[in-house]
Amino acid sequence: MTPLLKVQNIKKYFPMHGGLFSKVVSQVRAVDDVSFDLNRGEILGLVGESGCGKTTLGRMTLRLLEPTGGQVFFNDEDILKLDHKALTRLRPKMQIIFQDPYGSLNPWFNVERIIGEGMRIHKLADAKNLAEKVEEMMVKVGLLPKNKKRYPHEFSGGQRQRIGIARALALHPDYLVCDEPVSALDVSIQAQIVNLLQKLQQESGMAMLFISHDLDVVKHLSQTIAVMYLGKIVETGPTEELIREPAHPYTRALLDAKPSTNPKNRAKKAPLPGDVPSPMNPPSGCHFHPRCPEAHERCKTEEPEIQLINNNRSVRCHLFDPAGK
């Protein structure tokens with residue numbers, strides 16, 4: 001099966017300027033040599049701590065950010081080589097739901113215009129049926145059509161995120177990036193939005209990249225999980241296998257850090273020490289070694305390569321290197 005989205009060795013380095021003449025003195029390696037495939041109808045969960053490059057990676061797959069290097073193929077077409085006209089033609093098929101349900105909506109537009117703007121620009125509806133299509137989308141995401149003349153500030157956080165979902169799905173995308181769409185919402189609302197996204201994905205069959213730091217949310221939604229640390233994907237695999245038998249020490253640490261409501265099931269392991277290092281000055285060797293309880297001398301000096309565990313799982317760790325320790 002040819003993947004809908006194929007990302008190959010993608011990188012994003014942000015230059016850091018300093019000195020009298022604002023010369024480039026260093027680079028922030030936000031995303032560093034990442035590759036993955038996403039099949040039609042598949043949900044890939046991308047997890048990791050804040051600052052590991054998840055959002056940057058998601059936006060580069062849509063070319064909302066220009067990569068420093070690498071390739072992004074959508075339907076076998078390298079979107080990084082497309083001119084503005086060709087990219088505009090492709091935009092309806094590649095959409096995003098942003099993390100901030102308020103900042104991502106134009107406060108000067110009412111709901112009808114927010115949801116209908118894309119359909120109008122890409123000629124997916126005409127003046128006669130635009131209002132009708134907007135109302136259909138509002139019903140689909142759980143909003144009342146009678147409120148279509150209201151503005152974003154008149155809605156709750158959960159309702160605003162439903163507006164953002166309706167705006168993205170109104171264009172009938174084949175690929176949707178969900179950039180932590182529930183992290184800014186109350187816990188009671190998060191489950192509603194996650195269930196809504198799952199229902200809409202099943203109805204449409206679109207592929208989805210779901211970005212989150214919450215493993216419970218990702219486990220509920222995704223068929224496959226990719227774990228990201230300091231700009232690199234360190235482990236990928238089918239959700240059930242990865243949760244049941246995590247291979248990378250960082251994945252195990254994320255699972256151990258997950259709180260339990262049952263006192264008998266609470267992990268007695270020490271929390272992961274320290275914070276994510278700065279991508280401007282990443283550690284040598286394996287980037288995770290300063291925090292890894294299983295690190296050895298090789299980890300400090302030699303960067304691990306991606307190792308295949310089986311046909312559908314991979315890990316970037318010396319513990320699985322046939323060359324040994």
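Which residues in helix 3 meet which residues in helix 4?

**Entry one: the helix pair.** I looked up the contact (heavy atoms within 4.5 Å) and found that Val111, Glu112, Ile115, Gly116, Met119 and Arg120 in helix 3 meet Leu130, Ala131, Lys133, Val134, Met137 and Met138 in helix 4. This is a predicted model, in which local features need pLDDT of at least 70 and side-chain atom pairs count only at pLDDT 80 or more, while totals for chains, interfaces and linings use all residues. Residues are numbered from 1 along each chain as its sequence is written, and side-chain values use heavy atoms, with hydrogens and water left out.

I noted that the residues of this contact divide into eight nonpolar, one polar and three charged (Ala, Val, Leu, Ile, Met, Phe, Trp, Tyr, Cys and Pro count as nonpolar, Asp, Glu, Lys and Arg as charged, and the others, Gly among them, as polar).

I then checked the lining of the largest pocket, and by class it has 10 nonpolar, eight polar and eight charged residues. A pocket is an open set of points on a 1 Å grid over the protein atoms alone, where a 1.4 Å probe fits, with protein on both sides within 12 Å along at least five of seven lines, and lining residues have an atom within 4 Å of a point. Of its 26 lining residues, Ser35, Phe36, Asp37, Thr236 and Ser314 lie nearest the centre.

Terms used:
Helices (H or I, at least four residues) and strands (E, at least two) are DSSP runs, numbered from the N terminus.
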